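Subject: Structure for you to look at

Hi,

Here is the structure I promised to pass on. Please open it alongside this email, and I will go through what turned up.

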Amino acid sequence: MATTVNPADPEGPADPGSGLGLRDRRVPRRPRSSGRSGGVAGSSWPWLLPLGTVLLVVLVYPVLEIVRLSFTDASLVTGEPYSVTSETYTSLVTGTDFRHTLQVTFLFVLLSVVFQLLLGLAVALLVHGAERRGLRGVVATRAVVLTAWAIPGVIIGVIWSLLYQETASGVLNHGLSLLGFSGNTPFLSDPDNALVSVIVANIWRGTALSMILCYAGIKTVPDQLYEAARIDGASPVQTLFRVTLPMMLPILTMNLVLATVETFNSFDMVLSLTGGGPGTATQVLALDVYDQIFRQLNLGRGAAMAVVLMAVNVLVIGLYVRLTERQEKEI
Amino acid sequence: MSLSDHNSPASGSSRPGHVRTPARAGRVADAVPGRRPGMRRRTDAAYYAAMLGLVAVFAFPLVWVASLSLKTGPEVLRSPPSLLPQDPQWANYAHVLETTPIGRYLLNSVILVAAGVVGALLLSVPAAYALSRFRGRMRGPRAFTRAVLAAQLLSPLIIAVPVYRVFVTLGLINDYVGLVLVYIAVTAPFLTWFLKNYLDTIPTELDEAGRVDGCSRLRALVLLVLPAAKPGLVSAGIVAGVTTWSQFVLPFILVDSPDLAPVSVGVVNLQSTSGEITTQYLAAGCMLAVAPVIVVFAFLQRHIVGALTAGAVKT
């Protein structure tokens, strides 16, 4: 048994997507590898088979199916006949709705990610600095910030919709009126405000994870480097830009990738905060996909939009995989 | 929030790249010579002020919702609003529990999270072991590793649409088993990735020793490696549990019966039936939905921080 290098390739026949690299390339095993006790000892595939099947079902199949459906005029109602067409894509490109969605999404992602990274870094530096000084309450502070990560996105949306109440009884409006502004700011019913409000809530939500990743990055900087910087007479600002940030670069990049793809894919918070409105002012791409498919039942068009969403995912995930593998190699 | 783990190393933190909690935090501060103590005290005060501000920003939304949940209907609409409810209406919670299926939603969430995480662990442990131990021998596992990484980040919406169609065909819409399978499937990639990294830090000598003594790989995994990996399993399970609790898109699409919907979907249902005068009930519903997460956080924060950072850093 141990010499049978390849048990039936589990991904093989069912997987036309060998471009995804799931197939075993049948590189012969080194002769002295540990397969002396027979059974499963020699090959990793029996161990990977269960998860492999699952990945096939929830990763490979959906991706292929979405691409296939995007070239049809199918509706969500299953069993109805449909025909193959590329109309879905041409209508996306020629129509103005989709361009608007992309613009909203771009602003949403760009501003969310930039502020999440900056604030996450700032909070991490603060927490780390306080920890180095041996101050109290550091763990509690970190925990409070992190709760924002743990609360389900839809509930964050509901919570912020309560904060954004537009009458004078709304707490943020009350706060603004104390600062001398109008106490009736239409946070969510004015199209321009709504997008800003959604972005602010999303920054609040995403800063937590960004903070914890930055914090982990700071922790990887060896103390000797700080010591050396101090002996060389570097100011704290110099130390930050010349020592800490360069050392954190890999994790900052990773953070950027994660925040970008998470924000792109997120629609739960927007759904419960504005539902994409008013009008389509906060209709981000993922929400639009949901809307097309499950509310308007336009499976074909929705799938075409989903393919665009996926293309962005693939780009960013590809970058992520590359970074991760480079990190692995550096060990 | 728990302060108990202050100054104690997070469990499993001996692993490389892991959070080193401040066992030596005091030393660094003390080791800064030539600074006047007055200045240090002022810097400390600035740090405390900043931390206080931070806690305020991040705690406030929940505190405000807690306050709303204890107000009367007219009080919610009163202007200017006050942080403290005049006469805390604990009955709001009883009302929400009695008149809405929120209790059922919570139970569903617990079941889905438990079944999802346990099921995903069963899939992930062997896969993570293989990816960690058979590494480099074949081309397969590396490509597999990539697929696992990619699967973690793929939008659940992309998964939901085809799965919805398959479930309609198979009659699995509004079916617990179907939903649990989906939960397992979307949780497993993260767990596999995390556990692979964790197992990488456990010396292979451990399982090799067992194999010299005649253990099969499986026995070596179960009897030697898994006990050594227990802190990692616990951390991974907790983080997976928290993210699974937040799962929304899949159940929102695959389930429309309150008997099956988890609490994330439940709160959206609650929101859609809630008007201005019932804001306090919606707020109470939110509090009930996040309470389990907050409790988990208060007690298991260090596992969560450890797991999140370990997943990100490997040096």
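How many salt bridges does the rule find across the interface of chain A and chain B? The count is 2. One of the residue pairs that form a salt bridge is R165(B) with E65(A), where the closest N and O atoms lie 3.9 Å apart. Please keep in mind that this is a predicted model.

Between the two chains, 6 residue pairs are in polar contact, with both residues at pLDDT 80 or more. As for extent, 117 residues of chain A are in contact with 116 residues of chain B. About 10,700 Å² is buried between chain A and chain B, and carbon and sulfur atoms give 75% of that area.

Next, helix 4 (residues 91-99) of chain B. Its buried residues are N92(B), Y93(B) and V96(B). Viewed down the helix axis, these buried residues fall within an arc of 100°, so they line one face of helix 4 of chain B. On the other side of this helix, the exposed residues are A91(B), E98(B) and T99(B).

Finally, two backbone details to check. L297(A) is not a glycine, yet has a positive phi of about 60°. L297(A) belongs to the loop between helix 11 (285-295) and helix 12 (299-330) of chain A. With a relative accessibility of 33%, L297(A) counts as partly exposed. In chain B, N174(B) also has a positive phi, near 60°, and is a residue other than glycine. N174(B) lies in the loop between helix 7 (156-170) and helix 8 (176-200) of chain B. The relative accessible area of N174(B) is 30%, so this residue is partly exposed.

Best wishes

Technical notes. Residues numbered from 1 in each chain as written. Chains lettered and ligands numbered in written order. Predicted model: local features only at pLDDT ≥ 70, side-chain atom pairs only at ≥ 80, totals over all residues. Heavy atoms only, no water. Contact = heavy atoms within 4.5 Å. Buried area = accessible area lost by both parts, 1.4 Å probe. Salt bridge = Lys/Arg side-chain N within 4 Å of Asp/Glu carboxyl O. Polar contact = N/O pair within 3.5 Å; in protein donor to acceptor, adjacent residues only side chain to side chain. Buried < 20%, exposed > 50% of the residue type's maximum accessible area, 1.4 Å probe, protein only. Helix = DSSP H or I, 4+ residues; strand = E, 2+ residues; numbered from the N terminus. Arc of directions from axis to C-beta.
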